[in-house]
Amino acid sequence: MNSLLKIRIITHHAVHNHGAVLQLYALEKVLSKYDSDVCALDYQKNYDFLDEDANTKYNISIKSIPYYIGFLRKNGFSKTLFNVKKRGILESFKRDHAMVGEYYSRCKDLDAAFIGSDEVFSIETGLNPFFWGMGVPTDNCFAYAGCFGPTTLRFIQEKHAVEFVKGGIQRFSQISVRDENSRKIIHELSGVLPEQVCDPVILYRFSEEKKQFKRPMQEKYLFVYAYDNNMNDEGEVTSILRYAKENSLKVVTAGFYHKWCDRSVNVDPLELLCWISFAECVVTDTFHGTVMSMIMNTPFATKIRGNRNKLGFLLEEYNCLSREITDFKNLGSVLDTTMSFDEVNRIMTEKQMQGRAYIQTCIDSIG
């Protein structure tokens, strides 16, 4: 009997964001089908392009205490406690599912590394060579659905990082991206035109997990999934609450705390999917909030803020441009428009096939 391939993933596993953890869970599930032992590799991220406050925030130590005292004073006890509990829930979820393994540079007998998905190519925080396979101890480095996020070619040039990114592109045996902006940047810098594949959450689709979901509350509800510093504008809140009242819906948020909602619930990533699957509708301003609504076939309305490179492309790719909220005054017209998921599901199935074919090509190339 052949031994399992030792495959590791490098992605944003340490952020306290349900979408990031969910896409890692999904990619691990998909890769495990290829007779492989899979988990993520650990690393220490570089924040050299951010200010000292950001370094204090993300590199947690005794120096971080003043920052978190300031966070408590600014945001209040309820939001602070919610975020502390959220961190614990996400860390427990990763431990329970054995999602993160050894430190990347000390990994032994590694057959292959898949880098991605999410914004692994973004250099907004600093230059992190392991996101490009540099220092990762294997000859087989593949990028799956890598994304530059807000990083533009101009930003790369301003940070004098062109040669760094070019070197990173050359490190990959095979490379794929998640959106058109990332595809254009790689092509511009290297002449390589990478394949564009779907996010792991769409690749996996969570069909088996969905069979186990049970309705989390009896009342009908509108579900909000937005970063806790967003969607607190008075006009946005008023529009959402008005729509909910007109349609006899409670307003629930999970994953992020919004004091104006009827309920803010702390959940793990699979429980989050459950809440979305039973919602009457979802209002979101995030990439994965939109993706989760799509795979659960829940009608949604999406506000695009500073993430049009990836979120705008996602809506276009799945023929969902009509679900964009251009102004919250048109929230009702978006949500009241019946959403048929036949076309969305057809495209997702097609993208699943493309993504799995790309991964199979990568696996087949391992020497």
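Modeller: A residue counts as buried under 20% relative accessible area, as exposed over 50%, and as partly exposed in between, with a 1.4 Å probe and protein chains only. By that rule β5 is mostly covered, since six of its six residues are buried.

Colleague: What kind of model is this, and how are residues numbered?

Modeller: It is a predicted model, in which local features need pLDDT of at least 70, side-chain atom pairs count only at pLDDT 80 or more, and totals for chains, interfaces and linings use all residues. Residues are numbered from 1 along each chain as its sequence is written, and side-chain values use heavy atoms, with hydrogens and water left out.

Colleague: Which way do β4 and β5 run?

Modeller: β4 (112-115) and β5 (141-146) run parallel and are joined by three bridges. Strands are DSSP runs of E with at least two residues, helices are runs of H or I with at least four, and both are numbered from the N terminus; two strands pair if DSSP finds at least two bridges between them. The bridge partner of A113 is C141, in β5.

Colleague: How many bridges join β5 to β6?

Modeller: Three bridges join β5 to β6 (residues 174-177), and these strands also run parallel. F142 has Q174, in β6, as its bridge partner.

Colleague: Turning to H12, where does it lie?

Modeller: H12 is in the loop between β1 (5-10) and α1 (18-31). At 9% relative accessibility, H12 is buried. Its side chain reaches the backbone oxygen of E119 at 3.0 Å.

Colleague: And which residues does H12 touch?

Modeller: Leaving aside residues up to four places away in sequence, H12 touches A20, Y43, K45, D118, E119, V120 and F131. Contact means heavy atoms within 4.5 Å.

Colleague: Y43 is on that list. Which ring is it stacked with?

Modeller: Y43 is stacked with F130, because the ring centres are 4.6 Å apart and the planes are at 25 degrees. Rings of Phe, Tyr and Trp (its six-membered ring) pair if their centres lie within 6.5 Å; planes under 30 degrees apart count as stacked, over 60 as edge-to-face and the rest as tilted. The pair links parts of the chain 87 residues apart: Y43 is in the loop between β2 (36-42) and α2 (52-58), and F130 in the loop between β4 and β5.

Colleague: New topic: which ring does the charged end of R178 sit over?

Modeller: The charged end of R178 sits over the ring of F287, 3.9 Å from its centre. K159 lies over the face of F49, at 4.7 Å from the ring centre. Such a charge needs NZ of Lys or CZ of Arg within 6 Å of the ring centre and within 35 degrees of the ring normal.

Colleague: Lastly, is F300 buried or exposed?

Modeller: F300, in strand β12 (residues 300-302), is buried, with a relative accessible area of 0%. Its contacts include V282, L315 and M339.

How values were computed. Polar contact = N/O pair within 3.5 Å; in protein donor to acceptor, adjacent residues only side chain to side chain.
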